[in-house]
Amino acid sequence: MGIASKAAKAAAYLFLITGAALMIIPLLWMLLTSFKTVAESTSMNPFVFFPSVWRVDNYTRVLNQNHFSAYYVNTFLMMFFRILCSLLFSAMAAYAFARLQFPGRNFLFGIVLFQMMVPTQIFIIPQYLMVDALGMRNSIFALVFPGFVSAFGTFLLRQFFLGLPRELEEASKLDGCNIGQTFLLVMLPLTRSGLVALGIFTALFAYKDMMWPLIINTSAQSATLASALAKIQSAISVNYPELMAASVLAFWPMLLVYIVFQKQFVEGIASSGGKL
Amino acid sequence: MAGYKRIRVPRNTWNMWLWGWFLVAPTMLGLLILNIIPIFQTLYLSLFKSGAFGRGNQYVGIGNYERLIADAQVWHAVANTLLYTVLVVPLSVALAMIIAVLLNGKVKGTSIFRTIYFIPMIAAPAAVTMVWRWLYNPQFGLINYVLTQLGLDPVRWTTDPQVGLISISLIGIWSIFGYNMVLLLASLQEIPRDFYEASDIDGASKMQQFFIVTVPLVTPTLFFVFVTTIIQSMQVFDVIYMMIDVTNPAYERTVSLVYLFYNNSFRYMDKGYGSAIVVLLLVLIMIITYFQLKAEKKWVNYM
């Protein structure tokens with residue numbers, strides 16, 4: 001190996017490590033600040049990197065003044081029901097679009113594609129008025145509402161069904177399976193990686209969505225983690241140690257899930273790419 | 001059997017049609033109620049001046065659109081949204097591509113780097129923005145501390161109208177590029193090794209290899225990444241909402257179309273005007289998508 005290629009390699013590592021540090025530092029700073037006192041966090045001379053004592057006061061105060069257990073439950077249920085509905089309904093529709101011939105198929109699939117191209121904000125006011133008319137604001141139903149079905153999920157899973165060999169269906173037909181049984185027992189299990197990818201996308205989207213919960217669930221008890229953070233920020237605008245504690249409280253569950261399932265996360269998302 | 005003959009469609013075909021309709025029914029019904037009807041409702045609402053929660057609507061025809069065209073703030077928002085997109089999309093895609101190429105080479109720890117770069121993607125924008133607001137803090141923020149240590153002037157990251165949108169774009173790039181990188185890396189890993197070996201034998205330099213072998217083969221993924229990043233950037237809201245409130249001196253130079261839509265619809269309770277703003281966003285995205293699909297034929301290589 002020549003000196004030039006060694007230098008190139010060193011430069012590559014330097015670049016990658018610098019980049020990784022820039023990804024991590026903001027999150028590390030969040031964690032460090034959350035254990036500091038206000039005085040420590042605003043001391044510039046000397047600049048304080050580590051808290052003198054690792055106190056949890058900020059966490060206790062944030063937890064006492066808010067309803068974090070409700071936020072966790074609301075966020076979890078919103079994610080759970082959205083994943084359940086979008087996996088079930090999208091898989092059904094995706095299979096039909098990928099493999100069955102029926103009148104109206106192309107027109108209906110056109111609607112699916114069209115929905116994906118339209119900015120979601122155009123649906124929000126009517127969706128708000130619908131939930132309001134049903135008297136269902138400030139509920140789990142309201143949080144799940146825009147996610148009962150998923151055009152994106154239908155599109156994504158259709159790609160996975162299209163990739164499966166046709167012989168499987170012919171074989172199961174010979175074994176006496178009807179179309180429903182073929183779908184449920186033969187084809188669906190084979191799209192596992194697609195279902196995992198869609199589940200992850202749905203979970204992340206629900207967890208990160210701020211505008212819908214902010215609009216529809218305005219009562220303190222019915223907020224999600226994302227919308228609660230927005231309210232907490234306007235309530236304690238400049239006490240950064242407390243704000244960082246709130247951020248950590250909102251961030252850790254997803255980070256934990258990510259660390260445990262990182263392979264599924266990254267590969268699920270990688271497997272969905274470029275399929276447009 | 002006499003009745004059977006009158007059915008022109010064979011039983012098997014009927015059976016398939018019924019299954020097809022049955023399987024797509026929940027999704028299509030949901031899309032109809034949640035998305036298709038709302039599009040028309042939004043268009044309809046944009047012709048009204050609305051009071052609180054849609055009560056006391058007053059028909060104004062194209063009045064909201066006339067107001068929109070004359071409203072300087074709307075055009076600021078259009079410019080801010082486009083500028084944000086122009087800052088975030090090329091930089092985040094280029095950075096994602098560079099890192100993906102480096103990780104696809106013979107480096108150790110590819111999966112660790114991949115895991116780290118992806119972390120911002122799993123954080124809620126609300127939490128991310130709080131952290132960055134703290135890093136950007138003019139007096140006590142880490143970034144200005146580092147700048148002053150290096151002998152540079154501190155920057156008013158979140159309140160200087162000249163800087164606000166750049167600060168927001170940095171958060172946007174930081175948040176999105178790991179996702180783009182994962183997609184591009186997956187696509188790079190699918191390129192067969194012999195392609196590179198063949199071009200090695202032909203005496204191509206690394207640089208030539210990158211532009212002749214690598215880039216053309218990842219253009220479908222690159223196109224996907226461009227389209228999704230552009231659409232997302234055009235809808236930027238959370239970060240600006242969390243960082244810039246309406247009294248911030250940088251508000252005019254940072255407010256996005258979706259933020260303006262939110263403020264008009266749910267803060268000032270004028271859902272008619274809010275609807276007109278979101279229709280403008282729809283038109284902009286349609287125009288951009290049209291040009292992207294035209295450009296796709298020019299530079300995307302499907303094998």
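Predicted model: local features only at pLDDT ≥ 70, side-chain atom pairs only at ≥ 80, totals over all residues.
Residues are numbered from 1 along each chain as its sequence is written, chains are lettered from A and ligands numbered from 1 in the order in which they are written, and side-chain values use heavy atoms, with hydrogens and water left out.

B:Ser169 sits in helix α8 (residues 164-189) of chain B; helices here are DSSP runs (H or I, at least four residues), numbered from the N terminus. With a relative accessibility of 2%, B:Ser169 counts as buried, a label for anything under 20% relative accessible area (1.4 Å probe, protein chains only). Leaving out residues up to four places away in sequence, B:Ser169 touches B:Tyr84, B:Leu87 and B:Val88, where contact means heavy atoms within 4.5 Å.

Over in chain A, A:Thr154 belongs to helix α8 (residues 151-162). A:Thr154 is buried too, at 0% relative accessibility. Its contacts, again not counting residues up to four places away in sequence, are A:Ser90, A:Ala93, A:Ala94, A:Phe97, A:Val112 and, from the other chain, B:Thr27.

That last contact leads to the interface between the chains. Here 88 residues of chain B meet 94 residues of chain A. The size of an interface is often given as the accessible area lost when the parts come together. For chains B and A, the buried area (accessible area lost on being put together, 1.4 Å probe, summed over both) is about 8700 Å², with 79% of it on carbon and sulfur atoms. On the chain B side, B:Ile122, B:Met130 and B:Trp134 lose the most area to chain A, yet together they make up 9% of what that side buries. Zero salt bridges turn up across this interface, a salt bridge being a side-chain nitrogen of Lys or Arg within 4 Å of a carboxyl oxygen of Asp or Glu. Polar contacts, on the other hand, link 20 residue pairs (both at pLDDT 80 or more). Helix α2 (residues 11-45) of chain B gives the most to the side touching chain A, with 23 residues. By class, that side of chain B has 67 nonpolar, 15 polar and six charged residues, with Ala, Val, Leu, Ile, Met, Phe, Trp, Tyr, Cys and Pro taken as nonpolar, Asp, Glu, Lys and Arg as charged, and the others, Gly among them, as polar.

Chain A also has a boundary of its own, between domain 1 (3-59) and domain 2 (66-272); the bounds come from an automatic or database domain assignment. The domain centres, taken over C-alpha atoms, are 33 Å apart. In this pairing, 11 residues of domain 1 contact 10 residues of domain 2. The two domains bury about 830 Å² between them, 85% of it on carbon and sulfur atoms. In domain 1, A:Met30, A:Asn58 and A:Tyr59 lose the most area to domain 2, together 58% of what that side buries. The count of salt bridges between these domains is zero.

Key
Polar contact = N/O pair within 3.5 Å; in protein donor to acceptor, adjacent residues only side chain to side chain. Helix = DSSP H or I, 4+ residues; strand = E, 2+ residues; numbered from the N terminus. Buried < 20%, exposed > 50% of the residue type's maximum accessible area, 1.4 Å probe, protein only.
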